[in-house]
Amino acid sequence: MKAPPRLQSLVDEGLIDTVVRQLMSGKEAMVYVVRCGEETRCAKVYKEADKRSFRQAVDYTENRRVRNSRETRAMAKGTRFGRQVTEAIWQSAEVDALYRLAAAGVRVPVPYNFLEGVLLMELVTDANGDAAPRLNDVAFTREEAVQHHASLLKEVVRMLCAGVVHGDLSEFNVLLAADGPVVIDLPQAVDAAGNNHAKRMLLRDVENLRNFFGQFAPELLGTHYGDEIWHLYERGLLRVESVLTGTHARDTGPVDLGNVLREVDDAREEEAARRLRMQLPRL
């Protein structure tokens, strides 16, 4: 197919030879299958802020650094330059997270290059060599659900040991490759130690996995892996090889009303995003 305008610069730079087809249209980006020499890869073209459905909530952008005070002031004022800076930070967050997590051994697509709002990375494939499906597009047996749930919990732990919380992990952001699940879509990833909302996001990520796989393996619905993982993490005891039980004594202290209200808001946003994702085409 003819290269879309946003990919033309990568073609001109020799980073892409040809654009094969559009793979999918998501809430934050368009993804294309491309050829780079003898390899088939994918190019993620981020949508402009006013054309995205995903809200850059302050919870996600908290503690993300900028280069100087001028950028900070511009972002606070919401000027055109400030919006450009905010957008650049939002896009680079995924690139930074991918390189960081790949180095830590987390199962994420291998990143190759990032140029002018386009992320060039590995094309995750299934056993037939075709683009791997999202978990949401696959039905599982009970045994498969238990296996993949355990596998993804290990990835959550490995991410947290690397200091990262995905922040939007669900069946829509995991691909089922030939050799198991691969975590994708990380622009909302947060620093576990530097973001005050990291615990809440980690618990929500794990809950999303529990609820999805619990459809196929109901015994998972009674587990509390998120609380257990965070309990170990905040005490400095979490390791990649940590053995999890899925049980944890909940804190019975005073209720944080602010967090409760945030959870309600998050649930509403998650449901709205889920409905939108179900409508988005996978080509």
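Where is Glu 116 found? In this predicted model, Glu 116 sits in the loop between β4, residues 111–115, and β5, residues 118–122. Glu 116 has a positive phi of about 50°, although it is not a glycine. That deserves a remark, because most residues other than glycine have a negative phi. Glu 116 also counts as exposed, because its relative accessibility is 57%, and the cut-off for exposed is over 50%. Asp 185, in the loop between β8 (180–183) and β9 (190–191), has a positive phi of about 60° and is not a glycine either.

Let me turn to the sheet. β4 and β5 belong to an open sheet of 5 strands, which has the order β1-β2-β3-β5-β4 with antiparallel pairing. Its edge strands are β1, residues 18–25, and β4, and each of them pairs on one side only. From one strand to the next, the twist averages 25°. Helix α1, residues 5–12, packs on this sheet, where it touches β1, β2, β3, β4 and β5, and its direction makes about 135° with that of β3. Within the sheet, β2 (residues 29–36) pairs with β3 (residues 39–46) in the antiparallel sense over 8 bridges, and Val 31 stands opposite Lys 44 in β3.

Finally, we come to two helices. Helix α6, residues 198–213, packs with helix α7, residues 225–234, at an angle of about 145°, and their axes are 8 Å apart. The crossing in which α6 passes α7 is right-handed. On the α6 side the contact involves Ala 198, Lys 199, Leu 202, Leu 203 and Val 206, which meet Tyr 225, Gly 226, Asp 227, Ile 229 and Trp 230 in α7. Sorted by class, this contact has 7 nonpolar, 1 polar and 2 charged residues.

Conventions: Residues are numbered from 1 along each chain as its sequence is written. This is a predicted model: local features need pLDDT of at least 70, side-chain atom pairs count only at pLDDT 80 or more; totals for chains, interfaces and linings use all residues. Side-chain values use heavy atoms; hydrogens and water are left out. Axes are lines fitted to C-alpha atoms, for helices over the stretch in contact, and angles run from 0 to 180 degrees between N-to-C directions. Helices (H or I, at least four residues) and strands (E, at least two) are DSSP runs, numbered from the N terminus. A crossing is left-handed if the near helix is turned anticlockwise from the far one by less than a right angle, and right-handed if clockwise. Contact means heavy atoms within 4.5 Å. Ala, Val, Leu, Ile, Met, Phe, Trp, Tyr, Cys and Pro count as nonpolar, Asp, Glu, Lys and Arg as charged, and the others, Gly among them, as polar. Buried means under 20% relative accessible area, exposed over 50%, partly exposed in between (1.4 Å probe, protein chains only). Two strands pair if DSSP finds at least two bridges between them.
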